[in-house]
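Biologist: I would like to learn how to read the features of a structure that is new to me. Please take me through them in order.

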Amino acid sequence: MHILVTNDDGIAAPGLFALAQAMRALGTVSVVAPDRNWSASGHVKTLERPLRVKETLLPDGSHALASDGAPSDCVALALLGLLPEPVDLVVSGINPNENVGHDVTYSGTVTAAMEAVIGGIPGVAVSLYRSEDQRGVLDYAPAARIARRIVQAGITYGLPKGVLLNI
């Protein structure tokens, strides 16, 4: 199982790192994410300039790719051959705020997973609820564990074609 992990918060986001670590228990993980924050970017596609990709390292020393494109560009690049092996599943996040209601249409986290579904690959978006009065550093570990369990179930039992999971 080859899992692409991406996000809309940028390659250095702690939620991306927590999600990549959690997904490693389920298969081979490749990370392709924006080089900066694209929150609330919606379904952006870069059409009139070349996209740039550079190698970078995650906090644990594992390799990742950072693109100057939007989250959906990162997924499209991976599905179109940027990675040497075909992608079986795309998991996007962990977003530091929930993506529910009308927010879904603006979310780069969700539209990255949507780009996977458009490309015929299952897509999962993962977000973390944070109350309005919550301050300080977020703990992504519980959300990463839950995401791993849900994604494992999706791998085991399969996801219907064209379905995007928004956790």
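The dialogue below turns to charged pairs, then to backbone features.

Modeller: This is a predicted model, in which local features need pLDDT of at least 70 and side-chain atom pairs count only at pLDDT 80 or more, while totals for chains, interfaces and linings use all residues. Residues are numbered from 1 along each chain as its sequence is written, and side-chain values use heavy atoms, with hydrogens and water left out.

Biologist: What is a salt bridge, and how many salt bridges does the structure hold?

Modeller: The term denotes a side-chain nitrogen of Lys or Arg within 4 Å of a carboxyl oxygen of Asp or Glu. The structure holds four salt bridges. In one of them, the side chains of Lys45 and Glu115 meet, at 2.7 Å from N to O. This pair links distant parts of the chain, 70 residues apart: Lys45 lies in the loop between S2 and S3, and Glu115 in helix H4 (residues 108-118). Helices (H or I, at least four residues) and strands (E, at least two) are DSSP runs, numbered from the N terminus.

Biologist: Is Glu115 buried or exposed?

Modeller: Buried means under 20% relative accessible area, exposed means over 50%, and partly exposed lies in between (1.4 Å probe, protein chains only). Glu115 counts as buried because its relative accessibility is 9%.

Biologist: Where in the chain are Asp60 and Arg24?

Modeller: Asp60 and Arg24 form a salt bridge through their side chains, at 3.0 Å from N to O. Here too distant parts of the chain are linked: Asp60 is in the loop between strand S3 (53-57) and strand S4 (63-67), and Arg24 is in the loop between helix H1 (14-23) and strand S2 (28-34), 36 residues apart. Asp60 is partly exposed at 38% relative accessibility, and Arg24 is partly exposed at 32%.

Biologist: Which residue forms a salt bridge with Asp35?

Modeller: The partner is Arg36, and the closest N and O atoms are 3.4 Å apart. Asp35 is partly exposed, with a relative accessible area of 34%; Arg36 is also partly exposed, at 40%.

Biologist: Which peptide bond is cis?

Modeller: The bond from Gly93 to Ile94 is cis, with omega near -5°. Ile94 belongs to strand S5 (residues 89-95).

Biologist: What is the phi of Ala40?

Modeller: Ala40 is not a glycine, yet its phi is positive, at about 60°. Ala40 is placed in the loop between S2 and S3 and counts as exposed, with 60% relative accessibility.
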